[in-house]
Amino acid sequence: MGYHRICYLRNLKDYSPVFLLMVVLAITMALLNLIWHWLVVESIDDIVFNTLLTQDEYDFIANALEQQPKWFGPNDLAAVAEYFDAMPWLSVQQVTYDNPGHVRVLLNRVPMVGYWGPSHVIDAMGMIFDSSDVPADHLVALPMIAVSGKRSPEEMIRVIECLRLSGFVFHEIQSLGSDSLLLQLDGLPRVRILCQDGCAQVAKIHKAIGLLRERRESFSEIDYIDMRYKNAFSIKKFVS
């Protein structure tokens, strides 16, 4: 003889209020956790860069972000841009909100052009930073700039600051003897300059460039311009 099994669905009112409250809280927590992961930028995995990072760059940013408070993606784009722009080796062009929980960062690298003493570096814009603020692979094979000698470090800094304020971009900076620098500036031959008189030295460079252009000299044929004379300059051309 067969039998029928009857199942009854329990009504919500059959559950205790405490149980129902626990269910509601669990669902709420799950939804909040989901929203958090969708909207909050927590780590480097939540950031999309426009360029492929080297391993040293990836590790540098990942370690730095561990000490950084979390960002709420849609509302903190300016904070994200400010954070990365503060890194001396980066220049941020744009930050946008991408997919849920992700931001897209458009950046350029700012090259380092030399060591400034044993523990600092100088970048292409003439700014000096602690070398610990830069990924290790950005420090490979940089020339050393001696900050001791006949001229004080402050005198050297003044010359570099005047060059930067005049709009020059550095490709290379090297010490030349105990009182001079050898500079590779954007669009110019190499320049030998004394580390003294600050902006007066920079004014002499502008004057020399103007005279060379008046004479229709080809910069590609000039090895370097020597500005270390009192009221003159000289040029050395490549041997053809």
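The following paragraphs describe a sheet with its packed helix and then a disulfide in a predicted model. Local features here need pLDDT of at least 70 and side-chain atom pairs count only at pLDDT 80 or more, while totals for chains, interfaces and linings use all residues. Residues are numbered from 1 along each chain as its sequence is written, and side-chain values use heavy atoms, with hydrogens and water left out.

Three strands form an open sheet of mixed pairing, in the order E2-E5-E4; strands (E, at least two residues) and helices (H or I, at least four) are DSSP runs numbered from the N terminus, and two strands pair if DSSP finds at least two bridges between them. Strand E2 (47–49) and strand E4 (90–97) each have a single partner strand and stand at the edges, so one side of each is left without a neighbour in the sheet. Strand E5 (residues 103–109) runs parallel to E2, to which three bridges join it, and Arg104 in E5 is the bridge partner of Val48. Helix H3 (residues 77–85) packs on this sheet and touches E2, E4 and E5, contact meaning heavy atoms within 4.5 Å.

The structure also holds one disulfide, defined as a pair of cysteine sulfur atoms within 2.5 Å, which joins Cys162 to Cys199 with an S to S distance of 2.0 Å. This pair links distant parts of the chain, 37 residues apart, with Cys162 in helix H4 (residues 153–165) and Cys199 in helix H5 (residues 199–214). The torsion about the S-S bond of Cys162 and Cys199 is about -75 degrees, so the disulfide is left-handed.

Conventions
Axes fitted to C-alpha atoms, helices over the stretch in contact; angles between N-to-C directions.
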